[in-house]
Amino acid sequence: MKTVGLIGGMSWESTSSYYQLINQGVKDALGGLHSAKLVLISLDFAEIEALQSSGNWGQAAKMLIDAALRLEAAGADAIMVCTNTMHKVAEDLEASIDLPLLHIADATATVLVENGIETVALLGTAFTMEEDFYIGRLARRGLNVITPIENERELVHKVIYQELCVGEIREESRLAYLSIIKGLAEKGAQAIILGCTEIGLLVSQDHTDIELYDTTAIHARAAVEFILS
């Protein structure tokens, strides 16, 4: 069994989902008392968010690189960043470590392409929805990516940072998200990417008939496949 190094804490609510999903996946595959071989460094999200807000992505990259190097020293065979947004610094991270990075957008794109999805809508932080580091990675796999209109993007971003990242689940926010999801489907989206690792805490497939792709679950499955490879 291989060991995966997790860079978490962004936020810790979604990192706990990663830990549960990866261990459950290994247990389902191997049975008995088996669990995943993991090493985890959990960062202080307040520090990361301050760097995001100020646009100091270089310092944020340094923090993730330091975490990855410590995970490598602890015996990790691959690195995972347990958040979509911080994949903005993925190229800097990959250039600084000798281990493979299990990229969340790559894992998501693979599943979408395998399932025959061509046009997909993306929900996430404003950084993820509005910049090329994520959409471009999906587009290079042949996917047509659409996003909500500006005021809807602002709402999606606000709910993530002000509610989900502090563990607040509000029904009115769920209904707002579902309304946005419905509108994106009406604009031609065959499916919706839940492109922030906290969104799955708010909406799930039980809430809509529109196909949802939860990146936390997809990324966790990629980790399980690597661990068992």
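1. Buried residues (under 20% relative accessible area, with a 1.4 Å probe and protein chains only) make up 54% of the 229 residues in the protein chain. Please keep in mind that this is a predicted model, where local features need pLDDT of at least 70, side-chain atom pairs count only at pLDDT 80 or more, and totals for chains, interfaces and linings use all residues. Residues are numbered from 1 along each chain as its sequence is written, and side-chain values use heavy atoms, with hydrogens and water left out.

2. On overall form, the C-alpha trace spans about 45 × 45 × 35 Å along its principal axes. Among contacts (heavy atoms within 4.5 Å) between residues at least 6 apart in sequence, 75% join residues at least 24 apart.

3. Now to helix α5, residues 104-114, whose buried residues are I104, A105, A107, T108, A109, V111 and L112. These buried residues pack against α1 (12-30), β4 (119-123), α7 (132-139), β6 (191-194), β7 (212-214) and α10 (215-228). Helices (H or I, at least four residues) and strands (E, at least two) are DSSP runs, numbered from the N terminus. Just after α5, G116 has a positive phi of about 75 degrees.

4. Another pairing to look at is helix α2 (residues 45-54) with helix α3 (residues 57-73): their axes lie 8 Å apart, at an angle of about 150 degrees. That makes α2 roughly antiparallel to α3, a label for angles over 145 degrees. From α2, the contact uses E47, I48, L51 and Q52, while α3 brings W57, Q59, A60, M63 and L64.

Notes
Buried < 20%, exposed > 50% of the residue type's maximum accessible area, 1.4 Å probe, protein only. Axes fitted to C-alpha atoms, helices over the stretch in contact; angles between N-to-C directions. Parallel < 35°, antiparallel > 145°, perpendicular 65-115°, else oblique.
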